[in-house]
Amino acid sequence: MQHDAVLAETIGIRGHGDDAIEAYTARPMDATPRGGVIVIHHMPGYDAATKEITRRFATLGYHAICPNLYTREAPGADPDDAAATARARGGEPGAQLVGDAAGAARSPSSPPTSNGRVGTLGFCSGGRQSVLAGIEVDVQAAIDCYGAFVVGTPPEGFPLRVRPLDDRIGELRAPLLGLFGNDDSYPSPAQVDELEKLLQHHGKVYEFHRYDDAGHAFFSVDRPSYRVAAAVDGWQRIREFLARHVATRGA
Amino acid sequence: MCTYSTEKVALADSSGKGPTGWFPLETATVYYDHPVHAPDEHTVNIDFLNPAHGPGARVAVELSLDSARELLAALAVTVDRAAHH
């Protein structure tokens with residue numbers, strides 16, 4: 001019988017500026033060398049759904065870690081209160097996200113059972129941040145699930161600190177997996193086309209999958225936007241992508 | 001859709017009742033985005049906040065678009081009537 005115990009817990013890590021921030025981790029309880037997955041939570045915060053996704057990566061055989069990007073603004077707060085606080089302040093600055101993701105990248109790689117490889121993944125606003133982490137942080141894979149404003153200009157009067165990454169795609173240092181709904185508006189299919197052209201132009205390794213009858217947040221099982229076919233296929237693509245780029249080779 | 005579109009309003013001489021009782025309101029953020037609880041993909045959300053009192057000092061509502069329109073009309077009528085008091 002396979003031993004498949006998983007340990008999930010909240011830990012402290014060092015994020016941007018060496019700040020102490022909290023992170024939720026989940027990892028298989030065995031001595032096999034494992035790759036790491038950094039889960040970047042969406043704008044609604046470090047919530048139950050994101051923690052569930054983090055645990056899922058542990059069951060897939062990875063050391064998963066989700067830094068609480070709102071630790072500074074709202075330590076110990078309910079996730080939705082923390083998200084409201086962050087929104088009122090204009091969202092999380094990009095540099096802070098990069099520092100927090102780098103801190104998380106150090107964390108899953110440091111246990112002796114790690115294989116030293118790590119990928120990042122994010123949904124919604126976290127999708128864009130996953131691409132940003134793929135540019136700024138030493139990761140071996142980046143996964144963008146319908147991140148808005150990776151390319152495309154935010155509307156006039158846009159209050160949040162979100163800057164498109166068009167001019168930085170050439171700096172992407174990891175293969176990118178992109179999963180998008182064709183009924184989404186942010187990112188729209190045209191914006192996904194634009195991102196794909198930039199990736200091709202810069203000769204980047206990427207893999208995009210686009211789903212009909214799916215809009216934004218098609219992975220969200222507890223929202224009306226959930227789309228079974230897209231989500232099931234999307235998870236399979238994520239598994240395969242991580243197996244190629246992050247899982248232990250030859251173990 | 002995930003527009004993050006947010007309007008921010010400064011509030012004065014206003015109060016709200018949160019989980020720990022009444023508190024003075026400093027700001028309101030109004031945005032059309034994914035709700036936490038309401039059964040719809042997007043709702044008009046309002047957070048009445050007092051940042052000085054911490055993240056928990058928050059009165060939150062998530063309104064369907066139709067409900068938000070009704071509320072908007074009711075506010076307009078009420079504010080108009082108040083001008084004649």
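Modeller: Gladly, and let us begin with Ala101(A). Leaving aside residues up to four places away in sequence, Ala101(A) touches Ile38(A), Ile40(A), Thr120(A), Ala133(A) and Val137(A). Please keep in mind that this is a predicted model.

Biologist: What makes two residues count as touching here?

Modeller: The C-beta atoms, placed from the backbone, have to lie within 7 Å. Ala101(A) is also among the residues with the most contacts inside the largest nonpolar core, together with Val37(A), Ile38(A) and Val39(A). That core has 78 residues.

Biologist: What makes Glu136(A) partly exposed?

Modeller: Partly exposed is the class between the two cut-offs, 12 or fewer and 20 or more. Glu136(A) has 19 other C-beta atoms within 10 Å, so partly exposed is the label for Glu136(A). Glu136(A) lies in helix H4 (residues 125–136) of chain A.

Biologist: In chain B, why does His42(B) count as buried?

Modeller: His42(B) has 21 C-beta neighbours inside 10 Å, so His42(B) counts as buried. His42(B) is in the loop between S4 and S5 of chain B. From C-alpha to C-alpha, His42(B) and Tyr31(B) are 9.7 Å apart in space, and 11 residues apart in sequence.

Biologist: How do you know that the size of chain A agrees with a compact globule?

Modeller: For 251 residues, a compact globule would have a radius of gyration near 18 Å; chain A has 17 Å, so the two agree. The C-alpha atoms of chain A fill a box of roughly 50 × 40 × 35 Å along the principal axes. Buried residues make up 52% of chain A. Of the contacts with a separation of 6 or more in chain A, 66% join residues 24 or more positions apart.

Biologist: What makes S1 and S8 of chain A edge strands?

Modeller: Strand S1 (6–14) and strand S8 (206–211) of chain A each pair on one side only. Pairing itself needs at least two bridges between two strands. The sheet is open, has eight strands in the order S1-S2-S4-S3-S5-S6-S7-S8 (chain A), and its pairing is mixed. On average, neighbouring strands are turned by 20° against each other, direction ignored.

Biologist: How do you know that S6 and S7 of chain A are paired?

Modeller: The cut-off is at least two bridges. Strand S6 (residues 141–145) and strand S7 (residues 176–181) of chain A are joined by four bridges and run parallel, so they pass. Ile143(A) stands opposite Leu177(A) in S7(A). Helix H5 (residues 189–201) of chain A packs on the sheet and touches S7 and S8 of chain A, with its direction at about 165° to that of S8(A).

Biologist: And what do S2 and S3 of chain B form?

Modeller: S2(B) and S3(B) form a hairpin, with two residues between them. Strand S2 (residues 15–18) and strand S3 (residues 21–24) of chain B pair in the antiparallel sense over four bridges, and Lys17(B) stands opposite Trp22(B) in S3(B).

Biologist: Which peptide bond is cis?

Modeller: The bond from Tyr186(A) to Pro187(A) is cis, with omega near 10°. Pro187(A) is found in the loop between S7 and H5 of chain A.

Technical notes
Residues numbered from 1 in each chain as written. Chains lettered and ligands numbered in written order. Predicted model: local features only at pLDDT ≥ 70, side-chain atom pairs only at ≥ 80, totals over all residues. Axes fitted to C-alpha atoms, helices over the stretch in contact; angles between N-to-C directions. Rg over C-alpha atoms; globule rule 2.2 N^0.38 Å. Core = buried A, V, L, I, M, F, W, Y, C linked by C-beta atoms within 7 Å.
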